[in-house]
Amino acid sequence: MENAKSRAGIELHFTDRAAIRRLHSSSLGPHLDSFAAALAEAGYARLTVQIKLRLLAELGEWLRRTGRTAAALDLDAVGGFLSAYRRR
């Protein structure tokens, strides 16, 4: 179960509860709060953080659809994701 501190990473950048649930439900969801916090700490604008989080959530969904894990990411897999992402 998520605690209040972990939810704050994404919730600082999104107010829509459905969007927050979608982000957390991706296979990379458990990593997105710390990623959001790191970006915010580095001074990234809210919109930039939102864009990057959505892209990582898309990557997580692509990993799930293609039967891959985050540990299996390499240049070929990232290239495959980007090709699929651009075709949308």
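Guide: A word on helices before anything else: helices (H or I, at least four residues) and strands (E, at least two) are DSSP runs, numbered from the N terminus. This is a predicted model, where local features need pLDDT of at least 70 and side-chain atom pairs count only at pLDDT 80 or more, while totals for chains, interfaces and linings use all residues. Residues are numbered from 1 along each chain as its sequence is written, and side-chain values use heavy atoms, with hydrogens and water left out.

Visitor: How many aromatic pairs are there in the whole structure?
Guide: A search turns up 2. Rings of Phe, Tyr and Trp (its six-membered ring) pair if their centres lie within 6.5 Å; planes under 30 degrees apart are stacked, over 60 edge-to-face, and the rest tilted.

Visitor: Why is the pair of W62 and F81 called edge-to-face?
Guide: Their ring centres are 5.9 Å apart, and the planes meet at 65 degrees, so edge-to-face it is. This pair links distant parts of the chain, with W62 in helix 4 (residues 46-65) and F81 in helix 5 (residues 75-87), 19 residues apart.

Visitor: And what makes F81 and Y85 a tilted pair?
Guide: Here the centres are 5.6 Å apart and the planes 35 degrees, which falls between the 30 and 60 degree limits. Both residues sit in helix 5, 4 residues apart, about one turn of the helix. Together, W62, F81 and Y85 make one aromatic cluster.

Visitor: Why does F81 count as buried?
Guide: Buried means under 20% relative accessible area, exposed over 50%, and partly exposed in between (1.4 Å probe, protein chains only). F81 has 6% relative accessibility, so it counts as buried. Y85 has 31%, so Y85 is partly exposed.

Visitor: How do you know that S26 is buried?
Guide: Its relative accessible area is 4%, so S26 is buried too. You'll find S26 in the loop between helix 2 (17-25) and helix 3 (29-41). Leaving aside neighbours within four places in sequence, S26 is in contact (heavy atoms within 4.5 Å) with L32, A57, G60, E61 and R64.

Visitor: Why are helix 4 and helix 5 called roughly perpendicular?
Guide: They pack at about 105 degrees, with their axes 11 Å apart. Axes are lines fitted to C-alpha atoms, for helices over the stretch in contact, and angles run from 0 to 180 degrees between N-to-C directions. Under 35 degrees is roughly parallel, over 145 roughly antiparallel, 65 to 115 roughly perpendicular and the rest oblique. Helix 4 and helix 5 are therefore roughly perpendicular.
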